[in-house]
Amino acid sequence: MTSQTLTPSLATLARETREAARQLAIASTETRNQAIEAIAAALEAASAEIVAANQSDCEAALAEGLAKSLYGRLKLDAEKLMAAIAGVRNVGRLPDPVGVRQIHRELDDGLVLQRITCPLGVLGVIFEARPDAVMQIAALAIKSGNAVMLKGGKEAVRSCEALVEAIHRGLTQVGLDPALVRLLTTREETLALLHLDQYVDLIIPRGSNAFVRFVQENTRIPVLGHADGICHLYVDQAADVPKAVQITVDAKTQYPSACNTIETLLVHKQIAPAFLQQIIPALQSKQVEVRADEPTRQLIGDAFSELTPATESDWATEYSDLILSIKLVESLEAAIDHINTYGSRHTEAIVTEDAEAASHFTARVDAAGVFHNCSTRFADGFRYGFGAEVGISTQKMPPRGPVGLEGLVTYKYQLVGNGHIAATYTGANAKAFTHRNLTD
Ligand SMILES: NC(=O)C1=CN([C@@H]2O[C@H](COP(=O)(O)OP(=O)(O)OC[C@H]3O[C@@H](n4cnc5c(N)ncnc54)[C@H](OP(=O)(O)O)[C@@H]3O)[C@@H](O)[C@H]2O)C=CC1
Ligand SMILES: N[C@@H](CCC(=O)OP(=O)(O)O)C(=O)O
């Protein structure tokens, strides 16, 4: 698999994007911030066209029968667009992630080591039909000195085109190459992108586990997987019931299609009688279809006889919709085991007033986010103060969780000496290193 086997056109476009990235990598902080402001202004100026393009996407999606929850993700009305543009400006105001000195150390007299952050180069980001992601990802890429090749979900193609056209106008206005932000629109281009190892430095697929694995198996480019969110909320025996009800309803209904929404509610058997009689009607009043395992249904008896039985396959399902499965557990340990078996290492939460139980849960659960007494919906770059996010990394190696600017830079070790040679520091008369951290 090399770029020689590609259609020349995509390889040519990628080469231009690579060159544009090299220019941006040496651009000043001020230039990159000006570019972000110009992009925000261009998006504002094009808001009518962007909203109209999105309406066309939405109409087509409705005609195709897109699920209501996914439709909510696709829709970009004026209000959502303005919020996203404000998010672009927020990214501009964040500290520059490029050129940060992480290590400054004297190895010996006159031999000084520094570790300095720098951009990755060209990012290839494949994401779902969520147009606001275009603005978040482009802003983060430019701020961190990277170029980006974007491929959104097919349902959002007109919206993505309108957004990228505006972004190009913004870049051009400040004298930057529009090739910095490139839009791909077909699956064929996605597959070709995976072969562009000469020009692309990192692929970020946001999609199902199977899709992320497919990408990993079909490219030599490093992959930062943003896979599915099978997230849980565990209501411990020492939970405060009103708190647990409030958190459960938010974690399920606030944005049902988002990957940080819960799919399974684990309930300790001791608290189940008090909690279930409140949470089930609360969820049903928000149109949530509640599925329950056999012990739960036995416990609640006739009170909610219409509940759908939850089976083994429910534990492994991301509904991305207003559906929640409930499982009764015997202990905190059983909840942790369930999560470590079926969870996707995205975001997991416990509700409890027992600090020891909470700290056991957060230590033992293997996920990018382990939360106590709050909603899983907080797993988000904006809410973490990263300005925005490229997505939520579900891999174990960093960056893990919401990926913001810090996740889009790497670093270089810069070593400056004055004729120093390694032989001085080896052998019988080896000179000792000073290894002194410098403070300025
Ligand atoms: N961790 C995170 O940050 C995120 C995770 N997700 C997860 O992604 C999952 C799926 O989301 P969903 O809305 O269904 O998104 P899809 O899987 O439908 O699409 C995601 C992207 O992948 C592309 N794609 C999917 N399959 C292929 C393929 N075989 N070849 C080439 N391209 C492909 C799609 O292109 P096309 O539309 O052209 O088919 C689209 O651009 C959910 O589990 C969700 O939780 C989603 C967003 C963020
Ligand atoms: N961080 C985002 C969710 C992550 C995400 O991109 O999810 P998705 O709705 O699957 O595209 C949020 O809190 O809305």
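**Exercise 1.** Which residue of S5 does Val148 stand opposite?

*Solution.* This is a predicted model: local features need pLDDT of at least 70, side-chain atom pairs count only at pLDDT 80 or more, and totals for chains, interfaces and linings use all residues. Residues are numbered from 1 along each chain as its sequence is written, while chains are lettered from A and ligands numbered from 1 in the order in which they are written.

Start with the strands. Helices (H or I, at least four residues) and strands (E, at least two) are DSSP runs, numbered from the N terminus. Strands pair if DSSP finds at least two bridges between them. S4 covers residues 147-151 and pairs with S5 in the parallel sense, over four bridges. Within this pair, Val148 stands opposite Val181.

**Exercise 2.** Is Gly145 buried or exposed?

*Solution.* First locate Gly145: it lies in the loop between helix H6 (132-143) and S4. Next, apply the rule: buried means 20 or more other C-beta atoms within 10 Å of the residue's own, exposed means 12 or fewer, and partly exposed is in between, with C-beta atoms placed from the backbone. Gly145 has 29 C-beta neighbours inside 10 Å, so Gly145 counts as buried. Then list its contacts (C-beta atoms, placed from the backbone, within 7 Å). Leaving out residues up to four places away in sequence, Gly145 touches Leu24, Ala25, Arg32, Val98 and Pro119.

**Exercise 3.** Describe the seven-strand sheet and the helices on it.

*Solution.* This open sheet runs S10-S9-S11-S8-S7-S12-S13, with parallel pairing. S10 (308-309) and S13 (369-372) are the edge strands. S7 (231-235) and S8 (262-268) pair over five bridges. There, Val235 has Val267 as its bridge partner. Helix H15 (355-364) packs on the sheet and touches S7, S12 and S13. Its direction makes about 170 degrees with that of S13. Helix H14 (332-342) lies across S7, S8, S11 (323-329) and S12 (347-351), at about 140 degrees to S11.

Key:
Two residues are in contact if their C-beta atoms, placed from the backbone, lie within 7 Å. Axes are lines fitted to C-alpha atoms, for helices over the stretch in contact, and angles run from 0 to 180 degrees between N-to-C directions.
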